[in-house]
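Please read them with the structure open beside you.

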Amino acid sequence: MDTMTAMMERNTATAKTPGAPTVQERTARKRATRYLLGGLRLALGWIFLWAFLDKLFGLGFATEAKSAWINGGSPTKGFLTFGATGPFQGFYNSIAGAAWADWLFMIGLAAIGTALMLGIGVRVAAAAGGLLLVLMWTAALLPANNPFMDDHLIYAGVLALLAVTNAGDTWGLGRTWARLPIVQRFGWLR
């Protein structure tokens, strides 16, 4: 029996096994998983990018126009001064409104959001985003509604999932990005 015949018989046997998914079902699940991960990447990218835009221009959602960064406001001062709680409160209070903290925070939001939206550098964006989210989590310990878990940690976990599944390839420029010589040489840039 040749290899092709053996593969066809195995696929047929799998399809006839009660409860076993068919080849078509597995393909459909893989496609649905890709689309779901691509959608999650776009959603998280928008969360980061929106936070940047709102803090930059004071669009009236979390930041009023008078407090916008372009109007002289500080994207870190309010929360780190009045919202920080827990064991790291003193540290966060001490950096609230510092120019370097404002710049790092805003550059981080913009870069992470843009990379995730485009599907390029998702591994780097996921690592940076995960770090930023964990820092934000530590700024408000303990969470109000749970002993330790909150959305910042969930988002960080989703970012890790996006990084290891090449989620930038679906609805993004991930495949094109992966063909660049520097990305092929340094896989962590993927």
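Where does N166 lie? I take this up in point 1, after two remarks on the basis of the notes. This is a predicted model, in which local features need pLDDT of at least 70 and side-chain atom pairs count only at pLDDT 80 or more, while totals for chains, interfaces and linings use all residues. Residues are numbered from 1 along each chain as its sequence is written, and side-chain values use heavy atoms, with hydrogens and water left out.

1. N166 lies in the loop between α7 and α8, where helices are DSSP runs (H or I, at least four residues) numbered from the N terminus. Its phi is near 55°, a positive value in a residue other than glycine. N166 counts as partly exposed because its relative accessibility is 27%, the classes being buried under 20% relative accessible area, exposed over 50% and partly exposed in between, with a 1.4 Å probe and protein chains only. W171 is also placed in the loop between α7 and α8, and its phi, again positive in a residue other than glycine, is near 55°.

2. A cis peptide bond joins L141 and L142, with omega at about -15°, and L142 belongs to the loop between α6 and α7. As background to these two points, most residues other than glycine have a negative phi, and most peptide bonds are trans.

3. The count of salt bridges comes to 2, a salt bridge being a side-chain nitrogen of Lys or Arg within 4 Å of a carboxyl oxygen of Asp or Glu. In one of them, D169 pairs with R190, the closest N and O atoms being 2.9 Å apart. This pair links distant parts of the chain, 21 residues apart, with D169 in the loop between α7 and α8 and R190 in the segment after α9. Both D169 and R190 are buried. E64 forms a salt bridge with K66, where the closest N and O atoms are 3.7 Å apart; E64 is partly exposed because its relative accessible area is 48%, whereas K66 is exposed, at 66%.

4. The largest nonpolar core has 23 residues, and those with the most contacts inside it are F48, M106, L109, L116, L159 and L162. A nonpolar core is here a set of buried Ala, Val, Leu, Ile, Met, Phe, Trp, Tyr and Cys residues joined through side-chain atoms within 4.5 Å. The elements giving two or more residues to this core are α2 (23–57), α5 (99–118), α6 (122–139) and α7, and α5 gives the most, with 7 residues. Apart from this core lies another, of 6 residues, among them L80, A84, Y92 and A139.

5. Which residues does L159 touch, not counting residues up to four places away in sequence? They are L44, F48, L116, A126, G129, G130 and L133, contact meaning heavy atoms within 4.5 Å. L49, in helix α2, is buried because its relative accessible area is 18%. Leaving aside neighbours within four places in sequence, L49 is in contact with L109, A110, G113, T114 and M117.

6. H152 is placed in helix α7 (residues 151–164). Not counting residues up to four places away in sequence, H152 touches L133, M136 and W137.
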